[in-house]
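The sequence and the structure are shown here for reference.

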Amino acid sequence: MTYKTLLVEERDGVVTVALNRPEVHNAFNDELIAEAIELFDSLAHSSARAVVLRGSGANFCAGADLNWMSRMVSYTRDENVRDSAKLAKMYAVMNECPLPVVGRIHGAAIGGGVGLVAVCDVAICARESKFGLSEVKLGILPAVISPYVVAKIGETHARALFLTGERFDAERALRIGLVHRVADDLDAAVDETLAQLRTSGPEAVREAKKLIAFVAQNPPSDAVPYTIEAIAERRISNEGQAGMDAFLKKEKAPWVK
């Protein structure tokens, strides 16, 4: 399918999704939100191995489009609730994507752009990247993205950055856990991560994402029985049997080319 605000390409088992509004630094509006929801919903049925999320032009994502935000000034509370619910759904479907999502972050990621970084399973940024949770500067909140950002950086860093709205650099983003790697050669770093993912069992990767979500959201009394069942199912699965057999025979797993 062709999108107006996204560039989507699938090659060698990798779906590359580029935010394609460079004239506004890939700030999102209602059209981009709707298209992102539709695309990531469709990826639930994809046989691809990974998704790369990136921005077109000079920046990754500047958050919400100012023209889109200007309409909110006159919105009623109910209209704001409906509008925010659509945005929340976009982050949810991206966060719950069964495929591993690799973020290729360059330039600036501001406000909602930080939320996009937070929903990536692996986030890699260029050394010159800049970040900011600047909503408080406008008298509003990073509310919709907060479940994902707080989960990524923790309450202590959220307190500092949500309240000050200050800009911060790639090294601080790495230190607080927002990104996983700072790279001088961004494309090479992304390719290295994709190469690692290709050596992992595709079904196991999907199940690992489910495992992380369940363990993170449930007490040990519920998580422990889940983990017991999860490993038992993996061990008897065709993929698990093939992977363990290849390991014992010192051979490559069948999904490794």
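Which backbone oxygen lies 2.7 Å from a polar atom of the side chain of Asn26? In this predicted model, that atom is the backbone oxygen of Ser56. The side chain of Asn26 also reaches the backbone oxygen of Asn59, at 2.8 Å. Asn26 sits in the loop between β2 (14-19) and α1 (30-42), and Asn26 is buried, with a relative accessible area of 0%. Not counting residues up to four places away in sequence, the residues that Asn26 touches include Leu19, Asn20 and Arg21, and also Gly55, Ser56, Asn59, Phe60, Cys61, Ala62 and Gly63.

**The six-stranded sheet**

Six strands form an open sheet with mixed pairing, and their order is β1-β2-β3-β4-β6-β9. Its edge strands are β1 (6-11) and β9 (181-183), each of which pairs on one side only. On average, and with direction ignored, neighbouring strands of this sheet are turned by 20 degrees against each other. Helix α1 packs on the sheet, where α1 touches β1, β2, β3 (50-55) and β4 (101-105), and the direction of α1 makes about 20 degrees with that of β1.

As background to the pairings listed below, strands of a sheet pair through backbone hydrogen bonds, either parallel or antiparallel. The table gives several strand pairs of the model, with the sense of each pairing and the number of bridges.

| Strand pair | Sense | Bridges |
|---|---|---|
| β1 and β2 | antiparallel | six bridges |
| β2 and β3 | parallel | six bridges |
| β3 and β4 | parallel | three bridges |
| β5 and β7 | parallel | three bridges |

Arg11 has Val14 in β2 as its bridge partner, Val15 stands opposite Val51 in β3, and Leu53 stands opposite Gly103 in β4. Together, β2, α1 and β3 make a right-handed β-α-β unit.

Why can β3 be called largely enclosed by the rest of the structure? Five of the six residues of β3 are buried, so the strand is largely enclosed by the rest of the structure.

**The three-stranded sheet**

An open sheet of three strands, again with mixed pairing, has the order β5-β7-β8. The edge strands here are β5 (108-110) and β8 (167-169), and each of them pairs on one side only. From one strand to the next, the twist averages 20 degrees. Strand β7 comprises residues 130-132, and within β7 the bridge partner of Ile110 is Gly132.

**The nonpolar cores**

The largest nonpolar core has 55 residues, and those with the most contacts inside it are Met90, Phe131 and Leu178. Leaving aside neighbours within four places in sequence, Leu178 is in contact with Val114, Val117, Ala118, Ala123, Phe131, Lys152, Ile153, Phe168 and Ala173. Apart from this core lies another, of 12 residues, among them Val14, Val52, Leu186 and Ala189. Val14, named here as part of the core of 12 residues, is also the bridge partner of Arg11 described above.

Technical notes: Residues numbered from 1 in each chain as written. Predicted model: local features only at pLDDT ≥ 70, side-chain atom pairs only at ≥ 80, totals over all residues. Heavy atoms only, no water. Helix = DSSP H or I, 4+ residues; strand = E, 2+ residues; numbered from the N terminus. Buried < 20%, exposed > 50% of the residue type's maximum accessible area, 1.4 Å probe, protein only. Polar contact = N/O pair within 3.5 Å; in protein donor to acceptor, adjacent residues only side chain to side chain. Contact = heavy atoms within 4.5 Å. Pairing = 2+ DSSP bridges. Axes fitted to C-alpha atoms, helices over the stretch in contact; angles between N-to-C directions. Core = buried A, V, L, I, M, F, W, Y, C linked by side-chain atoms within 4.5 Å. Right-handed = clockwise from strand over helix to strand, strands pointing away.
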